[in-house]
Structure formats: structure tokens, C-alpha cells
Amino acid sequence: PAKGQDPLLARGAYLVDGLGHCGACHTPRGIGMQEKALSAGDGPDFLAGSAPLEGWIAKSLRGDHRTGIGSWSEAELVQFLRTGRTDRTAVFGGMSEVVVHSMQYMTDADLTAIARYLKSLPASDPGEPAYAYDDKVSKALYHGDDSKTGAALYVDNCAACHRTDGQGYARVFPALAGNAVVNGDDATSLIHIVLKGDTMPATHQAPSTFTMPPFSWRLNDQQVADVVNFIRTSWGNQAPPVSAEQVEHLRAELDVPPLGQVPDPHTALAPQH
């Protein structure tokens, strides 16, 4: 490290910027597919989240409280990188392979260095409001009021695991309330998971595997849009709406089974790593 620099932060920067090359997925790219920033010194684009990659969004790793990791503690970050799950969320998509094949084997010191460095990154949008839980929808569903668009679909398809209060079950079924993936401007990851499902992989310190099944076979494009919009505007979540046309486009891109065609459980529910 440079003179006067925290050696733990320097180690974290070395791992994130170099060996970990986290920016390859988590930094937005320019017109020539170049990463818009290669280190923290290059400005607020660094690790600010990607455009869709293979049908997923690599989320922001900066200090934004609603869409980044501003509300995460250093200990939570270490737990997530080591096990792929925390009380609030779970790994999915391409990050599953990173945790399973790499990060679960890292030392506590290196994981702490990575977490400390990531927590040092300021928010991309300092004006972004912090997330605050709102129990209005939770109370409505508790009293049998499913009049909000998408509410009945949520109760029928999602609530058994993610609960009507959006809190999920810690380290088993991720919370949707306050989840940065849910609150991001681009809903690609959320639509993807609803259509195709995904598996939270086993790691040495968290050996259980949990799979969310695909819903493409039972929900049409408008129903997917409605339930996604319900999730993105409930329990204090604040995210822009998605359309049935967006769902239709991603359904075609992912080449999922058409509506009414029940997927083969031996392939659809297999861990995707």
C-alpha cells in the first residue's frame, strides 16, 4: 500500500480490481464494450451495475442504500461472498459460479478486505433515498385484500416462500422487501427468475440447496409483468414499472418453454452452475 493507506483497503482493492476482476460484470460498459471505469479513482461508474448480461443484471456494488450495498454491513458482505446467502438475499445467476468455485475458498482475511474495500465506495447517486419498510400491503394481504394489481398472483405463486410481508425466510428464501435486485431500475433479473427459476447453490458452510421453480409455463406475459410490478411497488420498494412487452422480449431471448408446457423437473430444477 501507499504511505498512509490502510493495508486492508489496499488488499481489497488489489483483489477486487485485479484478481477478482469484479468490474468485468459489475461495471457498465461503453459503446465499444469497454468498462467505463477500472478502479475507484475513475469515478462513480466503477462497479455501479451492468446492463443485461446473459439475461441477468450484475447489481451495483457501491454505497447506494436502495439499489447498492449501502445498507449492508461488512459482516453481511463476508457472509454472502462465503456462503451465497444472508438474512436478506441469496446468490443467483452468474454470481453463483463465483461463490461456488472461488469465493467460498478464500480466507477470512481476504473476504474481509474485499468487503471493507467495497464498503468504502460512495454511492453513485448520493440523493437516492434509503429504503424504509412499509407494512400497508402486508396488512392488506393479512386481511384478505388482494385488490392491488398482481396481489392475487403473488399470493397464489410467491407468498408461500417469500411471505405476504415480503420478508422471506432467512438464508432459505430471500426477502423481496428492500432487496436491491427488486429495486433496481432494470427488472431483467427479476423477470428472468420468475420465468425460468434459479437455484441457490450449496457451499461448504451452507450445504443446503434451494430452488425456485420456473413460472413461464403458468403465467402469461401480462401476469408476469403484474406480479413483478406488485413486488417492485410493495413493502416500501420503489421501482419503475415493467410491461408485458418487456416480458415477451425476455421470454423469447431466454428460449423458455411456452405457456402451458410444463417443464421437465429433471432439467428445469437442476442447479444452474
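This is a predicted model: local features need pLDDT of at least 70, side-chain atom pairs count only at pLDDT 80 or more; totals for chains, interfaces and linings use all residues.
1. Let us begin with empty space. Rolling a probe the size of a water molecule over the atoms shows where empty space is left. In this model, the largest pocket has a volume of about 1,100 Å³. Its lining is made up of 47 residues. If you want to find the middle of this pocket on screen, look for Cys25, His26, Gly94, Met95 and Val98, which lie nearest its centre.

2. Which helix gives the most to the lining of the largest pocket? That is H4, with four residues. Sorted by class, the lining of the largest pocket holds 26 nonpolar, 14 polar and seven charged residues.

3. Now turn to the second largest pocket, with a volume of about 550 Å³. There are 32 residues in its lining, and nearest its centre lie His162, Pro174, Leu176, Ile193 and Met212. By class, the lining of the second largest pocket has 24 nonpolar, six polar and two charged residues.

4. At least two lining residues come from each of the helices H7 (151-157), H8 (159-162), H9, H10 and H11 (221-232), and from each of the strands E1 (198-200) and E2 (210-212).

5. How do H1 and H5 pack? Their axes are 7 Å apart, at an angle of about 90°. H1 is therefore roughly perpendicular to H5. On the H1 side, the contact includes Leu8, Leu9 and Arg11, while Ala109, Asp110 and Thr112 are among the residues that H5 brings. The contact of H1 with H5 has 10 nonpolar, two polar and four charged residues.

6. The crossing of H10 past H11 is right-handed. Leu190, Ile191, Val194 and Leu195 of H10 meet Val224, Val228, Ile231 and Arg232 of H11. By class, the residues of this contact are seven nonpolar, no polar and one charged.

7. H10 has another partner to look at, helix H12 (residues 244-254), which packs against H10 at an angle of about 60° with the axes 10 Å apart. Here too H10 makes a right-handed crossing. From H10, Thr188, Ile191, His192, Leu195 and Lys196 meet Val247, Leu250, Arg251 and Leu254 in H12. This contact divides into five nonpolar, two polar and two charged residues. Look for Ile191 and Leu195 in particular: these H10 residues take part in the contact with H11 and in the contact with H12.

8. Where does Pro44 lie? Pro44 sits in the loop between H2 and H3. Its C-alpha atom is separated by 8.4 Å from that of Arg62, a residue 18 residues apart from Pro44 along the chain. Setting aside neighbours within four places in sequence, Pro44 is in contact with Arg62 and Ser124.

Conventions. Residues are numbered from 1 along each chain as its sequence is written. Side-chain values use heavy atoms; hydrogens and water are left out. On a 1 Å grid over the protein atoms alone, a cavity is a set of points where a 1.4 Å probe fits but cannot get out, and a pocket is an open set with protein on both sides within 12 Å along at least five of seven lines; lining residues have an atom within 4 Å of a point. Grid points are joined across faces, edges and corners, and a volume is the space filled by probe spheres set on the points. Ala, Val, Leu, Ile, Met, Phe, Trp, Tyr, Cys and Pro count as nonpolar, Asp, Glu, Lys and Arg as charged, and the others, Gly among them, as polar. Axes are lines fitted to C-alpha atoms, for helices over the stretch in contact, and angles run from 0 to 180 degrees between N-to-C directions. Angles under 35 degrees count as roughly parallel, over 145 as roughly antiparallel, 65 to 115 as roughly perpendicular and the rest as oblique. Contact means heavy atoms within 4.5 Å. A crossing is left-handed if the near helix is turned anticlockwise from the far one by less than a right angle, and right-handed if clockwise.
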